[in-house]
Amino acid sequence: MDRRSLLKAGAAGSVALAAPFIVTRSALAQGKYKDEYRLSTVVGTAFPWGKGAEIWINLVRERTQGRIKIKMYPGVSLINGDQTREFSAIRQGVIDMAVGSTINWSPQLKELNLFSLPFLTRNHAGLDALTRGAVGKQIMKIVEKAGVVPLAWGENGFREVTNSKHEIRSPADMKGLKFRVVGSPIFNDTFTALGANPTQMSWADAQPALASGAVEGQENPLHVFIAAKLQNLAQKFVTRWGYVADPLIYVVNRDIWTSWTPADREIVRAAAIDAGNEEIAIARKGLSGGDMSLVKDVEALGVKVTELTPAELLAFQQATKPIYDKWAKVIGPDLVKQAEAAVAPTRKG
Ligand code: X2X
């Protein structure tokens, strides 16, 4: 073949390659529904997060009279457990729908690191001031601009630090301890600033690593501690520092969204909002409104739960301030300022 015919063959090849894409598109024309949609989460229905996804799935099935059927894939199994690839997979259509953590999507959407700024807010009122206010709306716009349709907020919870070795009351107590951290580099920075030895790994890999002692600690909300039975993975010490909130977002792939009738879109949106509100209440159960029974539940497992004095807390805040400042620039100083102003009235003492 000479060069010209090679080029022609190449062009024909690319048309052939494009064809399946066109078929997929037309299959997604408005009103053409899939038999079943695939919804991704990291954890299953033993956790508030997975329950929140299940509530959404059931509401959508009931309210659409079964027109939209959804199957849940916990363990981010559609992408082999690699939770930091979840957002790209939703965008590409490997995943149709998700209830996802802002942490796992922040490698693609740098603004989502906002919620991982250490000690931005330590209470539910502060988190609500963010997600329910102008900051939340802006974050939703950013998700939408990135090509995914965001519908509602949920919540994994405030993340507490745990370990197998000893009580943590100061950054000095973290020195040299090996921690599993989640997928955004801000967590590496934060734990390094505290003198610890962080390793980034997926939730699936974290559990065997804790069991074998390859890592000695981790950070996750107390509901995750209980559902995942972290006391059986050598986690005997919990410090309730509440250093970052971990909101969830209910989303749909854009092509799937446009394939639904406007009426069905509104059903799915309203169901996400209802499910998200119900999920947030579940995530806060035993951790709010004068009912702190979840802390007692963790203690009942033989785990020492430490509360910090304001002075002790301040030491963690000061040690991580350079990381806060560094990441505020990455996230966008205007958005961070807006967030600080939103949480300011909710700061206690
Ligand atoms: O991996 C984690 O620690 C988890 C389950 O909390 C998230 O997906 C952010």
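## Close-up views of a predicted model

View 1. Asp 325 and Lys 321 sit four residues apart, about one turn of the helix, and both belong to α13 (residues 310-331). As in every view here, we are looking at a predicted model. The two side chains form a salt bridge, with their closest N and O atoms 2.9 Å apart. Asp 325 is partly exposed at a relative accessible area of 32%, and Lys 321 is likewise partly exposed, at 43%. Elsewhere, salt bridges with shared partners tie Glu 167, Arg 169, Lys 304 and Glu 312 into one network.

**View 2. Glu 160 meets Arg 240.** This salt bridge spans 3.9 Å from N to O. It connects distant parts of the chain, with Glu 160 in strand β5 (residues 159-163) and Arg 240 in strand β9 (residues 237-244), 80 residues apart. Glu 160 counts as buried, with 5% relative accessibility; Arg 240 is buried too, with a relative accessible area of 17%.

**View 3. Lys 110 beside Glu 111.** Here the side chains of Lys 110 and Glu 111 join in a salt bridge of 3.5 Å, N to O. Lys 110 is partly exposed, at 41% relative accessible area, whereas Glu 111 is buried, at 18%. In total, the count for the model is 17 salt bridges.

**View 4. The two sides of helix α8.** Take a look at Trp 203, Ala 206, Ala 209 and Leu 210, the buried residues of α8 (residues 203-212). They lie on the same side of α8 because they cover an arc of only 110° around the axis. Their packing partners are β6 (178-181), β8 (217-220) and α9 (222-227). On the face turned away from this buried side you will find the exposed residues Ala 211 and Ser 212. Just after the helix, Gly 213 adopts a positive phi of about 85°.

**View 5. Where domain 1 meets domain 2.** Domain 1 comprises 33-156 + 247-282, and domain 2 comprises 160-244 + 291-346. The contact draws on 34 residues from domain 1 and 38 residues from domain 2. Between them the domains bury about 3100 Å², 70% of it on carbon and sulfur atoms. On the domain 1 side, Leu 117, Pro 118 and Phe 119 lose the most area to domain 2, together 22% of what that side buries. Across this interface there are zero salt bridges, but seven residue pairs are in polar contact. Helices α5 (124-131) and α6 (134-145) each contribute at least two residues to the side of domain 1 that touches domain 2.

Terms used. Residues numbered from 1 in each chain as written. Heavy atoms only, no water. Buried < 20%, exposed > 50% of the residue type's maximum accessible area, 1.4 Å probe, protein only. Arc of directions from axis to C-beta. Contact = heavy atoms within 4.5 Å. Domains from an automatic or database assignment. Buried area = accessible area lost by both parts, 1.4 Å probe. Salt bridge = Lys/Arg side-chain N within 4 Å of Asp/Glu carboxyl O. Polar contact = N/O pair within 3.5 Å; in protein donor to acceptor, adjacent residues only side chain to side chain.
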